[in-house]
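Dear colleague,

Here is the structure I promised to pass on. Please have it open while you read the notes below.

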Amino acid sequence: MGKMPLKICYPALEHEEWRIITGSDPKNTPWSYHNGGSWPTLLWQFTLACIKMGRPELAQKAVDLAEKRLSADHWPEYYDTRHGRFIGKQARLCQTWTIAGYLTSKMLLQNPDMASKLFWNEDYELLENCVCALRPNGRRKCSRSAARSQVGL
């Protein structure tokens, strides 16, 4: 499961960074729960992104892997470890959001035209503003053409 990009936080926070940010929360140890754990419910969003980018075969590969694992593991909430080998130490089983993510992915792959109902075109002006804001010199020296080159226009 961990080979799929289904993580809320990547890479996991470790050592001093983990201690400061999580307050040494034992549930959020590195590669567990919100700190790098693998969340099957994110499968549908990955599938949607793959369809949008013209790479449905990547989503199909992820769904095939999920089919082998999720039902046998009783539809867990999340998986632990860097590669998602173990059901999360505090994961709940029979999670409807895990099942829904899987079924939505299957439906999107069977009918990719439905994906258009779940995404819209990016607001390139907003993206340009974000790119300019993230540049070291800030907005004052950021041209629209420089920003456009960063967002693929």
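The model is predicted: local features need pLDDT of at least 70, side-chain atom pairs count only at pLDDT 80 or more, and totals for chains, interfaces and linings use all residues. Residues are numbered from 1 along each chain as its sequence is written, and side-chain values use heavy atoms, without hydrogens and water.

The protein chain has six helices and two strands. These are DSSP runs, with helices being H or I of at least four residues and strands E of at least two, numbered from the N terminus. Their order is α-α-α-β-β-α-α-α.

Of 153 residues, 37% are buried (under 20% relative accessible area, 1.4 Å probe, protein chains only). The accessible surface is about 9600 Å², with 57% of it on carbon and sulfur atoms (Shrake-Rupley method, 1.4 Å probe). Take contacts (heavy atoms within 4.5 Å) between residues at least 6 apart in sequence: 53% join residues at least 24 apart.

Now the pair. Helix α3 (residues 56-69) packs on helix α4 (residues 96-110) at about 140°, axes 10 Å apart. Axes are fitted to C-alpha atoms over the stretch in contact, and angles run from 0 to 180 degrees between N-to-C directions.

Which residues meet? From α3, P56, A59, Q60, V63, A66 and E67; from α4, Y102, S105, K106 and L109. By class, this contact has six nonpolar, two polar and two charged residues (nonpolar: Ala, Val, Leu, Ile, Met, Phe, Trp, Tyr, Cys, Pro; charged: Asp, Glu, Lys, Arg; polar: the others, Gly among them).

Best wishes

Conventions
Buried < 20%, exposed > 50% of the residue type's maximum accessible area, 1.4 Å probe, protein only.
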